[in-house]
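Welcome! Take a look at the sequence and the structure first.

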Amino acid sequence: MRNDSSPSHSRPSRSLASRSLPPPVAEAPGENIDTLIASRLLALRQAQELSLSELAERSGVSKAMISKVERAQSSPTAVLLGRLAAGLGVPLAQLLTEEKTQPQRLRPRAAQEVWRDPEAGYLRRQVAERQAGSGVELVEVELPRSAQVGYPRWSGKPYRQCLWMLEGALRVDYGDERFELAPGDCLDFGVDRPLVFKALGRTGCRYLLVASPE
């Protein structure tokens, strides 16, 4: 891992700060992303037979806020969704994508669900769905300049993540450990400790995450 915060590039490219990002495509006809998150959160909470109070205690998110998200009255941030997913013990993807009975062999870019944090501008693209057999999923993330996103320790079954840097520079705090990554670097870590991702340098950054069960 590189120990400086200056991004390095193997080829010239437009910075993420100046590149236009694709609009979200996760919405089903007549339904926006907040409605999808609302239905997924309610379904997952009820499947675990958790009351609002119990999920609030597990996640550190107030009952009032959970209720607003479940009624699609609030656009949750990545940090808030991370807390809810950690409280439920599920991957973040389960709050942002619909359950599908059969994964698609081919997932065209236009069919990959995209979600943007309304505050930080964090952009998350579900490149490959979580596979029923292996539990493996592939996610592309873009962080704008100086953006930071933090997640608490997961309360459910832990899983591993492998991060591959594509553009820009990124700092990852994994519990008490700190790593600074440049293009081409790869980092292996879990969700058994609090996590903080922060874009470094004068542009945003882009990376791929492969998640798999431990």
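Let's begin with helix α1, which covers residues 33-47. Its 15 residues reach 21 Å from the first C-alpha to the last, close to the 21 Å expected at 1.5 Å a residue, where the expected span is 1.5 Å times one less than the number of residues. Please keep in mind that this is a predicted model, in which local features need pLDDT of at least 70 and side-chain atom pairs count only at pLDDT 80 or more, while totals for chains, interfaces and linings use all residues. Residues are numbered from 1 along each chain as its sequence is written, and side-chain values use heavy atoms, leaving out hydrogens and water.

**Around helix α1**
- Helices (H or I, at least four residues) and strands (E, at least two) are DSSP runs, numbered from the N terminus.
- I33, D34, L36, I37, A38, R40, L41, L44 and R45 are the buried residues of α1; buried means under 20% relative accessible area (1.4 Å probe, protein chains only).
- These buried residues pack against α2 (52-59), α3 (63-70), α4 (78-88), α5 (93-96) and β1 (114-116), with contact meaning heavy atoms within 4.5 Å.
- At the N-terminal end, N32 caps α1 with a side-chain oxygen 3.1 Å from the backbone nitrogen of D34.
- After α1 comes E49, with a positive phi near 55°.

**The open sheet**
- Four strands make up an open, antiparallel sheet in the order β4-β9-β6-β7; strands pair if DSSP finds at least two bridges between them.
- β4 (148-151) and β7 (177-181) each have a single partner strand, so one side of each lacks a neighbour in the sheet.
- β4 and β9 (residues 195-200) run antiparallel and are joined by four bridges.
- Y151 has L195 in β9 as its bridge partner.

Terms used
Buried means under 20% relative accessible area, exposed over 50%, partly exposed in between (1.4 Å probe, protein chains only). A polar contact is a pair of N or O atoms within 3.5 Å; within protein, one must be able to donate a hydrogen and the other to accept it, and residues adjacent in sequence count only if both atoms are side-chain atoms.
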